[in-house]
Amino acid sequence: MLADLWDPELSLLEWRTRLVDNGFRWDDPDVLRQLHELGAPGFPDGVGMNLAVPTMAAHADDDLQARLVRPTVTGEITWTQLFSEPVAGSDLAGLSTRADRDGDVFRVNGQKVWNTSAHHADYGLLLARTDWDAPKHRGITCFAIPMHQDGVEVRPLKQMNGHASFNEVFFSDALVDAANVIGAVNDGWAVALTTLAHERRLAPIHRGGAGGTTPPGRAWAEAAEETVRNSQPYTWYPQRAGRPDLVAAAHTDDPVARQEIARTLSLGRAAQWTAARAAAAGAVGKPPGAEGSLGKLSSSNIARQAARTHTLLAGASGMTKADPIVAEVLISVPAVSIAGGTDEIQHNILGERILGLPREPDESREVPFRDVKRST
């Protein structure tokens, strides 16, 4: 029983270690419910738990899972995602960061971008090209690369809304052990699809800092500090999502604005039903599917619709400091249509996997990647 293990004076690491040692899994909805009812902190949030752990659970060998899953679950190590590149964003398989085998290690050279939390992450979930003579989808490998080493440079990126949540990462002969390959060499695309499916399932979540009063005890004090630290890059995410909650609370006699409020709320309710279907599928062990793309696309539509409604309600003052939340909404909402895969990519996925439409033509799929014309 969880209640027999819980002691609020334990350190957060000691508490999570007890959970793991006693067989309580981080992905068990019943365990999460019991933690909530007990009033005890749970497992960490962030890229590690939401993306790296489920990806390794599905594809990594027993040795890599033993080395990296446990310390991620206990919060001892943190992660960043190293997928997108300046000239290979939506065409992720067109990436050109390279990892060349050198005995028992790979040497990594290239550049990644839009990497949340890269400035303090211990490990990166990295996609790199390991075979330039294979077609682009079949020459990629996924790695767990240590971030604190020579050859890894992280630079923050300033956004137009004033935040600096993202980074660009440069690799110059950075090293990663061959034992840190997730899945098989040159089979990284299959691994990436697992990561992306989990990322899109998370897309509608509005991250933010801890709220309310922190319960007493060392474990909760450390959990609160962790939440503040991990949530810092996401403080603007509620605004990125359009703040439909503020739309729901608005009062106006303008019939046009009232119609837009109703449209915003209708889109939100439909998205909740889709998310509930995805959660029900996950609860019975089904892997994330195309419903993640539907949820991701819904979040973009809701954000744009909410921003439109805010504009009608606030008028010109929406772009001034007199209404700072609305101003941040209007300059943050475009990001939701890009992060986690653009709307256009989600349309392709839904068209091909749900509607059964023909795959989008792409001549570069079947030729050696070194022969593919690409920007430099």
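Modeller: Start with helix 12, residues 324-332. Its buried residues are Val-326, Ala-327, Glu-328, Val-329 and Ser-332. Keep in mind that this is a predicted model. What lies over those buried residues? The cover includes helix 8 (237-240) and helix 11 (291-314).

Helix 11 leads onward. Two packed helices are described by the angle between their axes and the distance between the axes. Helix 11 packs with helix 13 (residues 343-353) at an angle of about 140°, and the axes are 9 Å apart. That angle makes helix 11 oblique to helix 13. The cut-off matters here, because roughly antiparallel begins only over 145 degrees. The crossing of helix 11 past helix 13 is left-handed.

Now the side that helix 11 turns to helix 13. Helix 11 supplies Ser-293, Leu-294, Lys-296, Leu-297, Ser-300 and Arg-304. Helix 13 answers with Asp-343, Gln-346, His-347, Ile-349 and Leu-350. By class, this contact holds four nonpolar, four polar and three charged residues.

Next, look at Thr-264, which sits in helix 10 (residues 255-283). Is Thr-264 buried or exposed? Thr-264 has a relative accessible area of 2%, so it is buried. Buried means under 20%. Beyond its neighbours within four places in sequence, Thr-264 touches Pro-244, Val-247, Gln-305, Ala-306 and Thr-309. Another pairing spans the sequence: Thr-264 and Ala-307 are 43 residues apart along the chain, yet 9.5 Å apart in space, C-alpha to C-alpha.

Move to another helix pair. Helix 2 packs with helix 7 (residues 218-231) at an angle of about 100°, with the axes 8 Å apart. The two are therefore roughly perpendicular to each other. Helix 2 makes the contact with Leu-12, Leu-13 and Arg-16. Helix 7 brings Ala-219, Glu-222, Ala-223 and Glu-226. The class count for helix 2 against helix 7 is four nonpolar, no polar and three charged residues.

The side chains of Arg-70 and Asp-21 meet at 2.7 Å, N to O. This pair joins distant parts of the chain: Arg-70 belongs to helix 5, Asp-21 to helix 2 (residues 12-21), and they are 49 residues apart. Arg-70 has 35% relative accessibility, so it counts as partly exposed.

That brings us to helix 5 and its partner. The axes of helix 4 (residues 47-59) and helix 5 (residues 62-73) come within 10 Å and cross at roughly 160°. Helix 4 and helix 5 are therefore roughly antiparallel to each other. Their crossing is left-handed. On helix 4, the contact is made by Gly-48, Met-49, Val-53, Met-56 and Ala-57. On helix 5, the contact residues are Leu-64, Gln-65, Leu-68, Val-69, Thr-72 and Val-73. Eight of the contact residues are nonpolar, three are polar, and none is charged.

Thr-72 lies in helix 5. Its relative accessible area is 2%, so Thr-72 is buried. Which residues does Thr-72 contact, leaving aside neighbours within four places in sequence? They are Pro-44, Gly-48, Met-49, Val-53, Ile-77 and Trp-79.

Finish with the charged pairs. How many salt bridges does a search of the whole structure find? The search finds 19. Among them is the one between Asp-91 and Lys-136, at 3.1 Å, N to O. This pair also links distant parts of the chain, 45 residues apart. Asp-91 is in the loop between strand 1 (79-82) and strand 2 (98-102). Lys-136 is in the loop between strand 4 (123-129) and strand 5 (140-146).

Arg-98 forms a salt bridge with Asp-100, and their closest N and O atoms are 3.0 Å apart. Arg-98 is partly exposed, with a relative accessible area of 33%. Asp-100 is partly exposed too, at 30%. Elsewhere, salt bridges with shared partners tie Asp-30, Arg-33 and Glu-37 into one network.

Technical notes:
Residues are numbered from 1 along each chain as its sequence is written. This is a predicted model: local features need pLDDT of at least 70, side-chain atom pairs count only at pLDDT 80 or more; totals for chains, interfaces and linings use all residues. Side-chain values use heavy atoms; hydrogens and water are left out. Axes are lines fitted to C-alpha atoms, for helices over the stretch in contact, and angles run from 0 to 180 degrees between N-to-C directions. Helices (H or I, at least four residues) and strands (E, at least two) are DSSP runs, numbered from the N terminus. Angles under 35 degrees count as roughly parallel, over 145 as roughly antiparallel, 65 to 115 as roughly perpendicular and the rest as oblique. A crossing is left-handed if the near helix is turned anticlockwise from the far one by less than a right angle, and right-handed if clockwise. Contact means heavy atoms within 4.5 Å. Ala, Val, Leu, Ile, Met, Phe, Trp, Tyr, Cys and Pro count as nonpolar, Asp, Glu, Lys and Arg as charged, and the others, Gly among them, as polar. Buried means under 20% relative accessible area, exposed over 50%, partly exposed in between (1.4 Å probe, protein chains only). A salt bridge is a side-chain nitrogen of Lys or Arg within 4 Å of a carboxyl oxygen of Asp or Glu.
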